[in-house]
Amino acid sequence: METMGEEGSQLPDYLVIDDPSALAVELPVSKLQGSQAVKANILACLKGEEVTMLGVWGMGGVGKTTVMMHVHNELLKEGIFKKVIWVTVSQNFNIYNLQEQIASNLEENLQEHQNTVNRAAKLSKMLEKHKPYLLILDDVRSSFKLESVGLLEPNVSNGCKLVLTTRSQEVAHSMDCRRIQVETLLEEEALKLFLNKVGGIVLSDHGEGIKRDLESTLKEIVDECDGLPLALITVASSLKGISESQLWSVALNELRDCKRNVAGTDANAFQILKFSYDRLIKKQIQYCFLYYALYPEDCKIPKEAIIESWIDEGFIDEMESRQSMKDEGCGILRKLEDNSLLELIKDEVRGDCVRMHDLIRDMALDITRMSPRFLVEAGKALKEQPEKVKCAEGVEKVSLMHNYIEEIPLSMASLTCTSFTTLLLAYNELSTIPESVFEHMLELKILDLSFNYKLWSLPNSVSKLMKLITLLLESTSLKKVPSLSGLGSLKKLNLRKTKIKEVPEGLGMLKNLKCLCLCGSEPFDILEIDEIADGVLSNLSKLQELIVDGSRIKLKGDVVGRLMKLEVFHGWFPTANDMKIFLRC
């Protein structure tokens, strides 16, 4: 069993929006595929005086970000610019967030300024101190005016330069950038990349006749990938280890079927990527993959956090221990990584994280418009519930996390929301929730209201959610929660860093509860609950994780010791004798 004394380590953040190079360090980047000439062209423009604004454009998945990461790292070493700034913009562009990310890269703070015009003036003064700088804006989807953000006009005099990567040549043109296209790979380059990923041993284990047929099929599959590096990598990853020529022929036909009857560059790329998704075969692994799309674009999620979410959702079958389920989750994650559908990222603070390429996420969202149906408006800087929620009949999972939503309108209590099984509202500005909101959400299993720091009240209708499995209320201002006695299906309850002053009513009736977090964070946010009655804890016989550190809760060694399924315990005992009793149990 994992145990911890009175002082415990802080758990990793729920997720983090990608913010590379904040401290001017090299970016971790994969090998450059077929873009050496493009890289050389970009570097020549940035080192010369003629070009001050550059638009690197090309279809999604072609390698724009990769080539610019290589450029970033090279220029960082050479020290041509006083500051090299990298900001990922992406689909959910807004001026406020872009200003925030640039200021963060400069290790400055704009939070005291709310008006974007005032922020622009402040940011401009900040940037003046870092001339000459290079600003790289990755994945720009729409044009904007530099002065609206507070960016200096790049010119020969100030030595500053701006590079943006975009899928749209028109965006680069409208921002008056010199345009450089990143094109798809040539036939020979594509074949080399595919073989490198799938493994050359595929061709070496056969006689000349079979080898010749297999080589022909392989080249046809490469041709179907249209020279798109992301497609070549994901398709090759899904076929790795397959040596039978008949299975390669089947795969070729499946890939062609995927591409049939679609028009448009993105649609074609989606279908190629969907081939890799379809070859996951197990619905369980497909659901785990699709779940990632509920998070904002370009976010890194700690491995532990995504696996916990899969367990909560029931994507991982029940096992004797929670650790066994986490191990199973690690295996699924490895499968998705091996198929290049998720990317493993090392984070110095949060450890191992995963990230999804934006084109793969777009493909996942495209799948979830049909079955299973998701409604995802995460990380879009929304200040109110989107109109789409009013037309959400049949939708299973809703993600509105990472916005600025201050209230949930009564329209969410309508009958169109009866199919919701997952509702993710973490990281918003909610303070209260209307009483009737949850009255018709009787299918709800996952409710996440974490990190709504102003949230001080929950409606009593929460008590009627009889199918609720997971209730996450971390880092809210709740002083009390409605009775839990009717939540017989509940398996996880997280009240970490709340203002709760008493043990929730009905806690002892949660016979299926497996994870209980009633903790604060020392030294400032000590949870004020003093004790949990012996009878309450002893009723929670299925408890696997009990987290009560950073609180005043005094526990008895024999009571905790009798929780026979307990695997993780973070807390403290008032006496050394209680600790001895606990260790003997």
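In the predicted model, helix H14 passes helix H15 in a right-handed crossing. The two helices, spanning residues 303-313 and 322-338 respectively, pack at an angle of about 110°, and their axes lie 9 Å apart. Because angles of 65 to 115 degrees count as roughly perpendicular, H14 and H15 are therefore assigned to that class. On the H14 side, the contact comprises Lys-303, Ile-306, Ile-307, Glu-308, Trp-310, Ile-311 and Asp-312. These residues meet Arg-322, Met-325, Lys-326, Gly-329, Cys-330, Ile-332, Leu-333, Leu-336 and Glu-337 of H15. By residue class, the contact of H14 with H15 divides into 9 nonpolar, 1 polar and 6 charged residues.

Helix H15 also packs with helix H13 (residues 283-291); the axes of this pair come within 10 Å and cross at roughly 75°. H13 and H15 are therefore likewise roughly perpendicular to each other. Gln-284, Ile-285, Cys-288 and Phe-289 of H13 meet Glu-328, Ile-332, Lys-335 and Leu-336 of H15. The residues of this contact divide into 5 nonpolar, 1 polar and 2 charged. Ile-332 and Leu-336 of H15 are listed in the contact with H14 and also in that with H13.

The aromatic pairs of the model number 12. One of them is formed by Tyr-277 and Phe-289, with a centre-to-centre distance of 5.7 Å and an angle of 45° between the planes, a tilted arrangement. This pair links distant parts of the chain, since Tyr-277 belongs to helix H12 (residues 265-278) and Phe-289 to helix H13, 12 residues apart. Phe-289 also takes part in the contact of H13 with H15.

Turning to the strands, an open sheet is formed by 5 strands in the order S4-S5-S6-S3-S7, with parallel pairing. Strands S4 (83-90) and S7 (178-181) stand at the edges, each with a single partner strand, so one side of each is left without a neighbour in the sheet. Neighbouring strands are turned against each other by 20° on average, direction ignored.

Strands S9 (residues 343-347) and S10 (residues 351-355) pair in the antiparallel sense over 5 bridges. A hairpin of 3 residues joins S9 to S10, and Cys-353 in S10 is the bridge partner of Ile-345.

Notes:
Residues numbered from 1 in each chain as written. Predicted model: local features only at pLDDT ≥ 70, side-chain atom pairs only at ≥ 80, totals over all residues. Heavy atoms only, no water. Axes fitted to C-alpha atoms, helices over the stretch in contact; angles between N-to-C directions. Helix = DSSP H or I, 4+ residues; strand = E, 2+ residues; numbered from the N terminus. Parallel < 35°, antiparallel > 145°, perpendicular 65-115°, else oblique. Left-handed = near helix turned anticlockwise from the far one by under 90°. Contact = heavy atoms within 4.5 Å. Nonpolar A, V, L, I, M, F, W, Y, C, P; charged D, E, K, R; others polar. Pairing = 2+ DSSP bridges. Phe/Tyr/Trp six-rings, centres within 6.5 Å; stacked < 30°, edge-to-face > 60°.
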